[in-house]
Amino acid sequence: MKKAAAVANPAVEDITDRALAQIQISYDRNGEHVFVESLAFENLQILDNFLINSNLNSNTSSSNNTNTSNGDSIAFYCRFRLYPEKRSLFQTKIVRCSRSQTSYLFDAKQLNDFELTLEQLNNHSIEILLYRVGTTKPAYKDIRIATVKYDLAGLNDAEEISLKKPLDECDPSSLIQVR
């Protein structure tokens, strides 16, 4: 089995001060299935700080205590979309991690696979959208906090690839979704 590992543009920016996502993907050529084996997030506290700062700017009543609406844990989930169609593939279950936890790993049990022909690998990518679960009544709106996109073309040359990229933060006031 051929394996490949890559870090996207490591020399362009210092990735130690950014939230990161690392995905491990494999491809079954006979069954024409893409398997998302694992998805790991690092430096999650950076995203949480981004949300706290955004909430402080939009809600001055919470300026005395930044943790009142957020509690001791962070609940989030991921949606997977196939590009360029923007077709929804699957969504993870909601997971919770403590504020002090800086990383999280979704394993194969928490992730799904999807069909894609070998020819389609060249011009398709997976976009992962990271949502923070809304805790404010009455609507409980979820907030998209980050996205990352991975090209699938690397699966043409290897049966399994591992890619690490920084997450692109989103403006939480403009990207709200109701579950």
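This is a predicted model: local features need pLDDT of at least 70, side-chain atom pairs count only at pLDDT 80 or more; totals for chains, interfaces and linings use all residues.
Start with strand β6, which covers residues 95–98. Strand β6 pairs with strand β4, residues 73–83, in the antiparallel sense, and the pairing runs over 4 bridges. Within this pairing, Phe76 stands opposite Val95 of β6.

Arg81 forms one with Glu127, and their closest N and O atoms are 2.7 Å apart. Arg81 belongs to strand β4 and Glu127 to strand β9 (residues 125–132), so the pair links distant parts of the chain, 46 residues apart. Glu127 has 8% relative accessibility and therefore counts as buried, since the cut-off is under 20%.

The count of salt bridges in the model comes to 3. Another of them joins Arg18 to Asp168, with the closest N and O atoms 3.6 Å apart. Arg18 sits in the loop between β1 and β2, whereas Asp168 is in strand β12, so this pair ties together parts that are 150 residues apart in sequence. Arg18 is partly exposed, at 23% relative accessible area, and Asp168 is partly exposed at 43%.

Lys164 and Glu42 form a further salt bridge, their closest N and O atoms being 3.1 Å apart. Because Lys164 lies in strand β11 and Glu42 in strand β3, the pair ties together parts that are 122 residues apart in sequence. Lys164 counts as buried at 19% relative accessibility, while Glu42, at 27%, is partly exposed.

Notes. Residues are numbered from 1 along each chain as its sequence is written. Side-chain values use heavy atoms; hydrogens and water are left out. Buried means under 20% relative accessible area, exposed over 50%, partly exposed in between (1.4 Å probe, protein chains only). Helices (H or I, at least four residues) and strands (E, at least two) are DSSP runs, numbered from the N terminus. Two strands pair if DSSP finds at least two bridges between them. A salt bridge is a side-chain nitrogen of Lys or Arg within 4 Å of a carboxyl oxygen of Asp or Glu.
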